[in-house]
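Trainee: Could we go through this model together? I would like to begin with the ligand and then turn to the helices and loops.

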Amino acid sequence: MTAVSTTVKRVGVVGSGIMGSGLVEVAAKAGFEVVLRSREQAHADGAVAAFERSLARQVDKGKLTDDERTAALTRVTATSVLTDLADCDLVIESVVEDLAVKKHLFAELDRVCRPEAILATNTSTLPVIEMAVETGRPDRVCGIHFFNPAPMMALVEVVRPLTASADTIATALTFATDCGKQAVEVADRAGFVVNALLFPYLNNAVRMWEQGTASMEDIDTAMKGGCNFPMGPFALLDLVGLDTSLAILEALYDEFRDPNYAPVPTLRRMVAGGRLGRKSGRGFYEYHR
Ligand SMILES: NC(=O)c1ccc[n+]([C@@H]2O[C@H](COP(=O)([O-])OP(=O)(O)OC[C@H]3O[C@@H](n4cnc5c(N)ncnc54)[C@H](O)[C@@H]3O)[C@@H](O)[C@H]2O)c1
């Protein structure tokens, strides 16, 4: 380990949704102490229980020993109390993709966390600088953007807002590498690299279906077979979550005013109707949990 990475031993994760839960698994398996904070203790406990089940599956498949499972589990604490993050060296927030909520959270984290701690966001698109300036330590704020599902996806985008110090970015890059990920450094532009390129494609797939070019199943089949993608656009939108996808497109459109980013009407209607994808049991497809 480099001198920089030894500065991060204890990691806070805020939010126990799809990504928060995944981040806990990634960081705990990489050997970091992890404090998971959710607004409800039951949700934090639920995420740890899901982690426990995931570890058990890995033991069953021979990918993990019993001792490794026990060690990973003992590194995780679940809480609903924000001040339990006070001893963390790095806190990554992964709450709903809503700038007002994130800005409020950064101001709160700034109050409870040690002044040396790095505060990071897992936002998919939102301006990291706006979160940084909510704190008294804008030099120690950056984006650390994992992909879904976090334990499986290789990439992390480390996002550098104008205010971030070189040390902060170096520490974030080392943390991502220590988590076993490939890290790329990107500027603080909506969508960074991956979502800026991916979301016009996903949005246009829904538009194509609205226009009657093909069924959603056939569009998914076409993109898997024709481009060798592991899943088609509708399955991917359901995996990401349609509410999160809508928020991503809105942030991209807000920044670039490119019509390819303007969310198609179907997406808005589905979110209004509570069809959020896998996490709600129904999106473009139905899921039985
Ligand atoms: N879903 C993806 O594919 C994906 C991939 C990479 C990054 N992200 C980003 O990760 C973050 C979380 O996304 P997710 O997919 O885990 O969403 P999710 O809907 O699964 O979870 C959202 C979490 O935010 C919490 N939350 C909701 N409203 C809140 C509020 N007002 N105050 C505090 N917490 C609140 C929820 O309780 C939940 O724990 C977002 O910034 C998203 O853009 C998502």
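Trainee: How many residues surround the ligand, and which are the closest?

Mentor: Bear in mind that this is a predicted model. The ligand is surrounded by 21 residues, and the closest are M19, E97, S124, V240 and K279.

Trainee: Turning to the helices, at what angle do helix 1 and helix 2 pack?

Mentor: Helix 1, residues 18–29, packs on helix 2, residues 41–60, at about 55°, and their axes are 10 Å apart. Helix 1 is therefore oblique to helix 2.

Trainee: Is their crossing left-handed or right-handed?

Mentor: Helix 1 and helix 2 make a right-handed crossing.

Trainee: And which residues meet there?

Mentor: From helix 1, S21, V24, E25, A28 and K29 meet A47, F51, S54, L55 and Q58 of helix 2. By class, this contact has five nonpolar, three polar and two charged residues.

Trainee: What about helix 10 and helix 11: how do their axes cross?

Mentor: The axes of helix 10 (residues 242–256) and helix 11 (residues 265–272) come within 9 Å and cross at roughly 135°. Helix 10 is thus oblique to helix 11. The crossing of this pair is left-handed.

Trainee: Which residues make that contact, and how do they divide by class?

Mentor: L242, D243, L246, L249 and E250 of helix 10 meet L267, R268, M270 and V271 of helix 11. That contact has six nonpolar and three charged residues, with no polar ones.

Trainee: A change of topic: which residues does a cis peptide bond join?

Mentor: N148 and P149 are joined by a cis peptide bond, with omega at about 0°. P149 lies in the loop between strand 6 (141–146) and strand 7 (155–160).

Trainee: And what is phi of N228?

Mentor: Phi of N228 is near 65°, a positive value in a residue other than glycine. N228 is in the loop between helix 8 (216–227) and helix 9 (233–240).

Trainee: Why point out these two backbone features?

Mentor: Because most residues other than glycine have a negative phi, and most peptide bonds are trans.

Definitions and conventions:
Residues are numbered from 1 along each chain as its sequence is written. This is a predicted model: local features need pLDDT of at least 70, side-chain atom pairs count only at pLDDT 80 or more; totals for chains, interfaces and linings use all residues. Side-chain values use heavy atoms; hydrogens and water are left out. Axes are lines fitted to C-alpha atoms, for helices over the stretch in contact, and angles run from 0 to 180 degrees between N-to-C directions. Helices (H or I, at least four residues) and strands (E, at least two) are DSSP runs, numbered from the N terminus. Angles under 35 degrees count as roughly parallel, over 145 as roughly antiparallel, 65 to 115 as roughly perpendicular and the rest as oblique. A crossing is left-handed if the near helix is turned anticlockwise from the far one by less than a right angle, and right-handed if clockwise. Contact means heavy atoms within 4.5 Å. Ala, Val, Leu, Ile, Met, Phe, Trp, Tyr, Cys and Pro count as nonpolar, Asp, Glu, Lys and Arg as charged, and the others, Gly among them, as polar. A residue is near a molecule or strand if one of its heavy atoms lies within 4 Å of it.
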